[in-house]
Every structure is written in structure tokens, then in C-alpha cells.
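We'll go stop by stop.

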Amino acid sequence: MGEIAPGVLYPDEHAAIVDLDRRAPGPAVARFVEFYWHVRWNTAEPYETKVLSHPNVHLVFETPSPQVYGVDRNLFVRRLTGRGQVLGVKFRAGCFRPFTGRAVIELADRRVPAREFFGPAVDEVNRAVLGTAGLDAMTDLVEAFLRPRLPAPDPAAEEVAAMAGRMTADPALFRVDEAAEMLNVSVRTLQRLFAEYVGASPKWVLRRARLHEAAARADRGDGIDWAALAADLGYCDQSHLTRDFTAAVGVSPARYARS
């Protein structure tokens, strides 16, 4: 079994059903692509996989047709049945904007047929990818498809990708005004850039990073002082962490940890 990705909820039961693997992109597409991911599942009973999504757009090769998934600001849930697989392209935060010609916030919480961005040839690639054995061969097909379709570099996309990376990597960063000050932009500019390039607000990105950390702590199975964790994550008290976590995941953090 591959390593469970951050954001995947209930990782132990997930790993019993789903094999997850990933590959780094080649140098020609690395400006735009963070990595490729491959999910293969085998389940006798229907299973709902649940993910606290990241601030990234994905191109997914799947049955019956390839789709582009915008940032899912809620809980991403997918029902798995029988045997199957999908191959995903995770674009760097902010770096799908050059493919779209419009603000990425328009894709938030949506999935759109990939042909809208890549033309009808992407449907043939979809069939070829899903009919190919081996992750390396699958990603080679996708890279060969993407390389001649790469848009011109967008310096603003690179800048926003760096901003999002700094915001999610700094555990002491809790507020949008603090992020704007660190990045030497105004709050209004940061909000505009994230709507245009990321597809989610800076506030959402900061909050989601904190929820990823809370879920990861719960997944490790250690005894957790939730009040202390709330303070570590910048919440004014435990009840605010509980409210945010419950709204995103559907259960309280304590109940999630017990399950």
C-alpha cells in the first residue's frame, strides 16, 4: 500500500481498501504540476472515501470521462464500489490559472469536463491511460499529452504558488492580515490574487491547513489535549476548534479520534 496522503480521513480503514501512489512530474511540466497520484481500490462493499481537500486544482483521468476538479471547499466524498482506478494530476496551487483564461474561483466546488480546457483529444488519452498497466507508463502518456499544451509561463501564478506554500507551511500563521504583512501585500490584494489564481480565499487556506494538522494529530492515536492543540493552532479556545472541525468533517475532533 502506498503512503496515505495528508487530508485523507480515517486513514487506517482507507488503506485497507485503497492503494495510493504518486510520481513526481518531469522537468518540462514541473512549473505547473505538483505531482501525479494514482488510486486503485478493491472493495466488496461500497465505501465512501473522505478527504479534506487542499487548495489545488486536479485533472483526473477516470471512467467514464476525464474531469477537472476545482478546489473543494467542503468535504470531498467519493463512493467506491467493486474494483477501479483513477489517475490524477495535482496542479500547484495557483498554477492551473494559465490553462483557464478565467478566475479559478469559478471552478470552486465544481467538476468540469476536461475537454473544456484540453480539447476532445483528452478523452482518447483518458482511454489510453486507464487501459495501461503501470504507473510510470500512465504518467508518461499524460506528460506526452500535456507538454505541447502547456501555456506560457505566468509570473503571477508562480508568485501565488509561493505565497500559498509559505502560508500553509508556517504553523504560527493564523490570520489573513498577518499573512498579508508577511507577504508584503495588502489584504485586499491577497484576496484578489487567491480568487483569481487559487480558487479559495486566504482565510480558507489558513483554516484548512489548521484542520489538516488537527486531523493528523488525531490520526496518530495519541492522547490529545484538545485545549492545548486549539491554542497551538491559533484558536482562541477549544470550542472554536471543535466548531470548525465539526463543520468540515461532520463529527467533533474527539469523536473522530475515537473512531
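How many disulfides are there by the rule used here? Counting pairs of cysteine sulfur atoms within 2.5 Å, the tally is zero. This is a predicted model, where local features need pLDDT of at least 70 and side-chain atom pairs count only at pLDDT 80 or more, while totals for chains, interfaces and linings use all residues. Residues are numbered from 1 along each chain as its sequence is written, and side-chain values use heavy atoms, with hydrogens and water left out.

Click on the cysteines anyway. Cys95 is buried at 1% relative accessible area, whereas Cys236 is exposed at 63%. (Buried means under 20% relative accessible area, exposed over 50%, partly exposed in between, with a 1.4 Å probe and protein chains only.)

Next, select residues 187-198, helix α8. Helices here are DSSP runs of H or I with at least four residues, numbered from the N terminus. α8 has 12 residues and reaches 15 Å from first to last C-alpha, close to the 16 Å expected at 1.5 Å a residue; that expectation is 1.5 Å times one less than the number of residues. Now colour Leu190, Leu193, Phe194, Tyr197 and Val198, which are buried. They sit on the same side of α8 because they cover an arc of only 100° around the axis, taken from the directions from the helix axis to the C-beta atoms.

What do the buried residues of α8 pack against? Show α2 (97-100), α6 (155-169), α7 (176-183) and α9 (202-219), with contact meaning heavy atoms within 4.5 Å. Just after α8, Gly199 has a positive phi of about 95°.

Stay with α6. Its buried residues are Ala157, Val160, Ala161, Met163, Ala164 and Met167. Their arc is only 160°, which puts them on the same side of α6. Zoom in on the N-terminal end, where Asp154 caps α6 with a side-chain oxygen 2.9 Å from the backbone nitrogen of Ala156.

Last stop: the aromatics. Select Phe32, Phe91, Phe96, Phe99, Phe117, Phe118 and Phe145, which form one aromatic cluster. Rings of Phe, Tyr and Trp (its six-membered ring) pair if their centres lie within 6.5 Å; planes under 30 degrees apart count as stacked, over 60 as edge-to-face and the rest as tilted. The structure holds 11 such pairs. Phe96 and Phe99 are stacked, 5.4 Å centre to centre with 15° between the planes, and both are buried. Phe118 and Phe145 have centres 6.2 Å apart and planes at 55°, so their pair is tilted. That pair links helix α3 (residues 115-118) to helix α5 (residues 135-146).

How values were computed:
Helices (H or I, at least four residues) and strands (E, at least two) are DSSP runs, numbered from the N terminus. A polar contact is a pair of N or O atoms within 3.5 Å; within protein, one must be able to donate a hydrogen and the other to accept it, and residues adjacent in sequence count only if both atoms are side-chain atoms.
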